[in-house]
Amino acid sequence: MRIVLIGAGNLATNLGKALCEAGHSIEQVYSRTMESADALASRLNCDATNIFEDIVCDADCYVISVKDSVLENVAHAVLRGREDCLFLHTAGSMPLDTLPSNRRGVLYPMQTFSKHKDVNFKTIPCFIEAKDKADLEVIKLLADSISQSVYELESENRKYLHLSAVFCCNFANRCFALGAKLLKEHGDIPFEVMLPLIDETASKLHTMLPSDAQTGPAVRWDENVIGKQMALLEDNPEMQEIYSILSKSIHNDKL
């Protein structure tokens, strides 16, 4: 397929590379700044622009990967003169109808992305949706070309998928950051000492449900340990509150 990427951030960068490797042609990259557009276009060997009116009009598909807050406005701007083209967005929490095009769909790769870290896109679950059945088949072919795990999912349920991803990725990583802060402040212990523990915890989830893999003082409701650790956090009310809420949540799940 001949594809135009609208956006040049972390997701667009990784998706663009995967699409190229799958044999698709990235015709152009649009970004709000020419610097960002040029940076990604040079990696994908295509044209770049930061002007809506200069976006090519004859691509097979326009993939919009921008911040949720500007998605609808950007889609309206790109749509002009391309009303018969297929438009996709890649947002986990935004509904299909955010796109104004009659031919509209979703291609949501559920993964955390960074511009300068390569990922194996084949292992990334991709969730697709479309207004029209024929367009859905096109999107499925596109998704199948880059991923081995493609699922149809409507907007209403995709919102909860994205919410789950926030818990499993963003909130979990925030806990890693808080742990690293404690290590730094108390003995300047390198965070690397936690990596075997983190790796083993994640490894268990390939064969066990998260609730079955849970360990620690909150599971046993060891009030002695919990009380002492709460006391250690007296000077940090935010972390103390997080510790308390998570401990109670773990314990209540076992009741």
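Reader: Which residues is Leu-88 in contact with, leaving aside its neighbours within four places in sequence?
Author: Leu-88 touches Cys-61, Tyr-62, Val-63, Ile-64, Leu-99, Gly-105, Val-106, Leu-107, Ile-139 and Leu-142. Contact here means heavy atoms within 4.5 Å.

Reader: Before I go on, what kind of model is this?
Author: This is a predicted model, where local features need pLDDT of at least 70 and side-chain atom pairs count only at pLDDT 80 or more, while totals for chains, interfaces and linings use all residues. Residues are numbered from 1 along each chain as its sequence is written, and side-chain values use heavy atoms, with hydrogens and water left out.

Reader: Ok, back to Leu-88. Is it buried or exposed?
Author: Leu-88 has 0% relative accessibility, so it counts as buried. The cut-offs are under 20% relative accessible area for buried, over 50% for exposed and partly exposed in between, with a 1.4 Å probe and protein chains only.

Reader: And where does Leu-88 sit?
Author: Leu-88 is in strand 5. Its C-alpha atom is 5.0 Å from that of Val-106, which is 18 residues apart from it along the chain.

Reader: Zooming out, how many helices and strands are there in the protein chain?
Author: The chain has ten helices and eight strands. These are DSSP runs numbered from the N terminus: helices are H or I with at least four residues, strands are E with at least two.

Reader: What order do the strands of the sheet come in?
Author: The eight strands make an open sheet, ordered 3-2-1-4-5-6-7-8, with mixed pairing. Two strands pair if DSSP finds at least two bridges between them.

Reader: Which strands stand at the edges?
Author: Strand 3 (47-49) and strand 8 (149-152) do; each has a single partner strand, so one side of each has no neighbour in the sheet.

Reader: How does strand 8 join strand 7?
Author: Strand 7 (residues 125-130) runs parallel to strand 8, and four bridges join the two. Pro-125 stands opposite Ser-149 in strand 8.

Reader: What does helix 2 touch on the sheet?
Author: Helix 2 (residues 34-44) packs against strand 1 (2-6), strand 2 (25-30) and strand 3, and its direction makes about 165° with that of strand 3. Angles run from 0 to 180 degrees between N-to-C directions, and axes are lines fitted to C-alpha atoms, for helices over the stretch in contact.

Reader: At what angle do helix 1 and helix 2 pack?
Author: Helix 1 (residues 10-21) packs with helix 2 at about 20°, their axes 10 Å apart. That makes the two roughly parallel. Under 35 degrees counts as roughly parallel, over 145 as roughly antiparallel, 65 to 115 as roughly perpendicular and the rest as oblique.

Reader: Which residues make that contact between helix 1 and helix 2?
Author: Helix 1 brings Ala-12, Thr-13, Gly-16, Lys-17 and Cys-20, while helix 2 brings Leu-40, Arg-43 and Leu-44.

Reader: Now the other end. How do the axes of helix 9 and helix 10 cross?
Author: Helix 9 (residues 223-232) and helix 10 (residues 237-253) have axes that come within 9 Å and cross at roughly 160°. The pair is therefore roughly antiparallel. Val-225, Ile-226, Gln-229 and Met-230 of helix 9 meet Gln-240, Tyr-243 and Ser-244 of helix 10.

Reader: Last one: what does the C-alpha trace span?
Author: The trace spans about 70 × 35 × 30 Å along its principal axes. Of the 255 residues in the chain, 36% are buried.
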